[in-house]
Amino acid sequence: MAKQYEFPSKGLPYLLVLPQMVIVFMFFFWPSAQAIWQSFFLQDPFGGRVIFVGFENYTKLFGDPDYWASFRVSVLFALAITVSSMSISLFLAIQTNKKIRFDSFYKTMMIWPYAVATMVAGVLWLFMFNPNVGIIAWLLKYKMGVDWNHLLKADQAFLLLTIASSWKQIAYNFVFFLAGLQGVPLPLVEAAAMDGAGPVKRFWRIIFPMLSPTTFYLLVMNLVYGFFETFPIVHQVTAGGPGKATQILVYKVWRDGVINLDLGGSSAQSVILMIMVIGLTVVQFRFIERKVTY
Amino acid sequence: MKKIALVAMVFLAIAGAWAQTNIEFWHAMTGKNAETVQALADRFNATQKDFKVVPVFKGSYSDTMNAGIAAFRAGQAPHIIQVYEVGTATMMAAKGAVKPVYQLMAENNEKFDPKVYIPTITGYYSTSDGKMLSLPFNSSTSVMYYNKDAFKKAGLDPEKPPVTWPEFFEMAKKLKASGMEGGFTTNWISWIQLENFSAWHNLPFGTKNNGFDGLDTQLVFNNDTVIKHLQTISDLSKAGVFIYGGRENKANPLFSSGRVGLHFESIGGYANFKNTCKFEFGVATLPYYPDVKGAPQNSIIGGASLWVFNNKPKADYKGVADFMAFISLPENQAFWHQSTGYLPITNAAYDLTKSQGFYKTNPGPEVAIKQLLRAAPTGNSMGIRFGNFNIIREIEDQTWEDILAGKISVKDGINKMVLDGNKTLREFERLNK
């Protein structure tokens with residue numbers, strides 16, 4: 001199908017990928033190897049004393065109910081973000097894809113939040129919902145009778161984090177869904193309509209299957225986002241609290257390593273995260289991708 | 001001819017700059033405090049020509065400490081680094097990495113008398129036999145803030161803040177009854193309501209003089225007084241008299257926006273409240289339980305100190321020692337104290353500030369100093385010296401939230417703090433003995 005280009009010499013292609021490989025090695029392989037190495041030791045931060053402990057850092061983690069709780073909340077959090085942001089953005093994309101007035105205005109507005117840095121998004125939502133200073137927290141409390149205090153109520157903290165994280169991701173998903181929708185051939189939809197298929201049936205039978213490559217791609221991206229890129233929002237909004245209720249895995253790695261200077265334990269956690277990501281990617285591409293029509 | 005002279009002058013100037021040794025000073029101060037750090041360095045640099053102290057801002061306390069650790073491991077450590085109080089035991093344990101200040105001063109024949117410093121401040125950073133390991137830099141202590149306007153409205157005497165905890169709780173209830181959203185809040189549950197609370201009541205927070213005498217220290221603050229104290233606050237939380245505002249200093253807006261009338265915060269927050277509070281407020285000493293023998297004792301400090309890294313060129317240490325002696329001078333300490341609100345580290349600087357009339361318009365800081373100087377510190381009130389101190393405070397903060405949320409009882413919660421905290425102490429001991 002595609003035209004093949006033959007390099008005149010064998011060395012040239014290697015030379016061309018070399019810069020990329022150097023970067024990958026320096027920023028991925030080398031730190032990963034270091035993390036694996038460090039996860040087998042207890043060491044003081046200055047590197048003065050190092051004790052080999054074998055798998056102790058790992059057994060300690062798996063014996064710690066708090067670690068399992070962190071695991072559980074991370075999975076729930078990533079799922080909540082993925083489901084809510086994908087379904088909302090698909091709905092919005094379908095609405096703006098219709099022939100309506102000001103549709104380009106809506107589209108622009110919808111994409112806007114993506115330009116906001118995750119850290120800034122965290123601060124924004126914190127200021128609105130903070131029980132001490134937040135305007136929405138005030139409205140909830142005094143005008144709507146909701147006892148809003150995410151500083152002590154774990155469910156509310158989780159909800160706030162999910163809303164804040166999804167809000168940013170909706171913009172991203174929206175762009176892809178909109179592009180996907182515009183790629184659906186109109187004659188197909190029209191033919192179905194002529195055959196008597198209603199809007200709902202047309203969506204599920206034609207549009208949604210045609211969108212499946214986009215949906216699959218977004219599913220992967222959203223899960224990765226939920227697991228790994230929500231750190232700044234958690235850091236800003238709840239810092240893992242109340243108690244440890246919203247301490248997701250990436251936040252715990254950072255706290256234990258950077259703030260608490262437990263390098264061995266933190267390395268072991270990052271190795272576990274690495275294995276998870278590798279596993280997740282393999283599963284997704286092996287099994288889910290097969291059911292997707294590209 | 002003129003040209004040659006000019007060229008020669010430029011060369012001389014460059015040579016002069018080369019002869020000057022840079023002393024790198026990494027710190028975590030922001031805003032006005034950072035400006036004052038720079039001003040201190042400029043003052044020092046103007047007094048001599050051999051050294052140039054260069055302050056470098058490295059981010060938050062933990063960022064700065066991490067930057068220092070990474071730099072040390074890469075052989076690029078600065079000369080001086082500012083480390084927060086919870087990092088003290090970690091720095092102490094890093095034996096090859098730091099040069100203790102008492103040793104630095106002796107090696108460079110610096111005139112250095114540890115007795116001129118305020119003992120509660122330097123004690124925090126000294127060995128138990130009084131050898132200073134790091135130079136206290138920005139020190140503060142916790143005090144009580146109260147809203148005088150709200151006191152008047154509630155029919156309380158604004159010049160008579162509560163002295164004991166029973167009085168305090170009564171007044172807090174009256175403040176709420178007068179129409180405020182709540183009576184009181186507090187910052188830093190770990191530092192103020194546990195560490196300072198214990199020191200103020202002369203109760204041990206940990207064994208071995210709060211960790212000063214050995215790594216085999218154990219947390220012991222799960223005593224009846226602490227349990228009673230947190231139980232009362234927890235009960236008042238259910239009644240809406242206590243409002244939880246968050247960890248660290250996140251509760252400040254509750255006080256500055258007038259939603260509660262009583263608050264606990266570091267004296268370092270004094271200037272901030274002066275700017276943000278639209279009402280008259282007062283500063284008073286921490287309350288105490290009159291039935292506890294030995295209370296009130298003295299409060300303990302928080303903040304950060306300056307550590308000196310090892311393995312720098314020998315000649316550089318002269319500059320480091322000179323700089324440390326320079327910033328300890330009364331006029332420089334008084335300048336630091338009055339510009340930043342942090343406490344002076346010498347008695348002479350306190351006296352100087354007093355004679356300059358500073359406390360007439362700023363009575364708050366003097367309350368804090370008097371509270372520190374209230375009695376000669378005991379083993380329970382010298383300070384806290386724990387490894388993995390950050391983790392211990394984190395456990396306390398998290399468990400306190402679980403207590404307030406009703407997930408665990410007060411007594412079980414405090415026992416959990418002690419139990420989990422002791423585990424991390426044992427880990428530190430294992431690594432550092």
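Lys99(B) sits in strand β4 (residues 98-99) of chain B, where strands are DSSP runs of E at least two residues long and helices are runs of H or I of at least four, both numbered from the N terminus. Lys99(B) is buried, as 21 other C-beta atoms lie within 10 Å. Here, buried means 20 or more other C-beta atoms within 10 Å of a residue's own, exposed means 12 or fewer, and partly exposed is in between, with C-beta atoms placed from the backbone. This is a predicted model, in which local features need pLDDT of at least 70 and side-chain atom pairs count only at pLDDT 80 or more, while totals for chains, interfaces and linings use all residues. Residues are numbered from 1 along each chain as its sequence is written, and chains are lettered from A and ligands numbered from 1 in the order in which they are written.

**Around Lys99(B)**

- Leaving aside residues up to four places away in sequence, Lys99(B) touches Leu104(B), Val308(B), Phe309(B) and Asn310(B); two residues are in contact if their C-beta atoms, placed from the backbone, lie within 7 Å.
- Lys153(B) is 54 residues from Lys99(B) in sequence, and their C-alpha atoms are 55 Å apart in space.

**The two domains of chain B**

- Chain B splits into domain 1 (2-139 + 302-372) and domain 2 (141-300 + 377-432), with bounds that come from an automatic or database domain assignment.
- Taken over C-alpha atoms, the centres of domain 1 and domain 2 of chain B are 30 Å apart.
- Domain 1 of chain B brings 20 residues to the contact and domain 2 of chain B brings 28 residues.
- On the domain 1 side of this contact in chain B, the elements giving two or more residues are α4 (88-93), α6 (119-122) and α18 (363-372).
- The largest share of that domain 1 side, seven residues, belongs to α18(B).
- By residue type, the domain 1 side of chain B that touches domain 2 has 11 nonpolar, nine polar and no charged residues; Ala, Val, Leu, Ile, Met, Phe, Trp, Tyr, Cys and Pro count as nonpolar, Asp, Glu, Lys and Arg as charged, and the others, Gly among them, as polar.

**Where chain B meets chain A**

- The contact between the chains takes 28 residues of chain B and 22 residues of chain A.
- On the chain B side, two or more residues each come from α3 (61-73), α4, α12, α19 (389-404) and α20 (410-432) of chain B.
- With six residues, α19(B) gives the most to this side of chain B.
- The chain B side that touches chain A divides into 12 nonpolar, 10 polar and six charged residues.

**Backbone spots to look at in chain B**

- Trp188(B) has a positive phi of about 45 degrees although it is not a glycine.
- Trp188(B) lies in the loop between β6 (184-186) and α9 (189-200) of chain B, and it is buried, with 23 C-beta neighbours inside 10 Å.
- Glu248(B), also a residue other than glycine, has a positive phi near 50 degrees.
- Glu248(B) belongs to the loop between α11 (224-238) and α12 (252-256) of chain B and is partly exposed, with 15 other C-beta atoms within 10 Å.
- Ala295(B) and Pro296(B) are joined by a cis peptide bond, with omega near -5 degrees.
- Pro296(B) is in the loop between β8 (281-284) and β9 (301-309) of chain B.

**Chain A as a whole**

- Chain A has 13 helices and two strands.
- Along the principal axes, its C-alpha atoms fill a box of roughly 75 × 75 × 30 Å.
- Of the 294 residues in chain A, 32% are buried.

**Helices and a loop of chain A**

- Helix α3 (residues 65-97) and helix α7 (residues 154-182) of chain A have axes that come within 7 Å and cross at roughly 45 degrees; axes are lines fitted to C-alpha atoms, for helices over the stretch in contact, and angles run from 0 to 180 degrees between N-to-C directions.
- α3(A) and α7(A) are therefore oblique to each other; angles under 35 degrees count as roughly parallel, over 145 as roughly antiparallel, 65 to 115 as roughly perpendicular and the rest as oblique.
- The contact of α3(A) with α7(A) includes 15 nonpolar, 11 polar and no charged residues.
- α12(A) is mostly covered, with eight of its 11 residues buried, among them Leu249(A), Tyr251(A) and Lys252(A).
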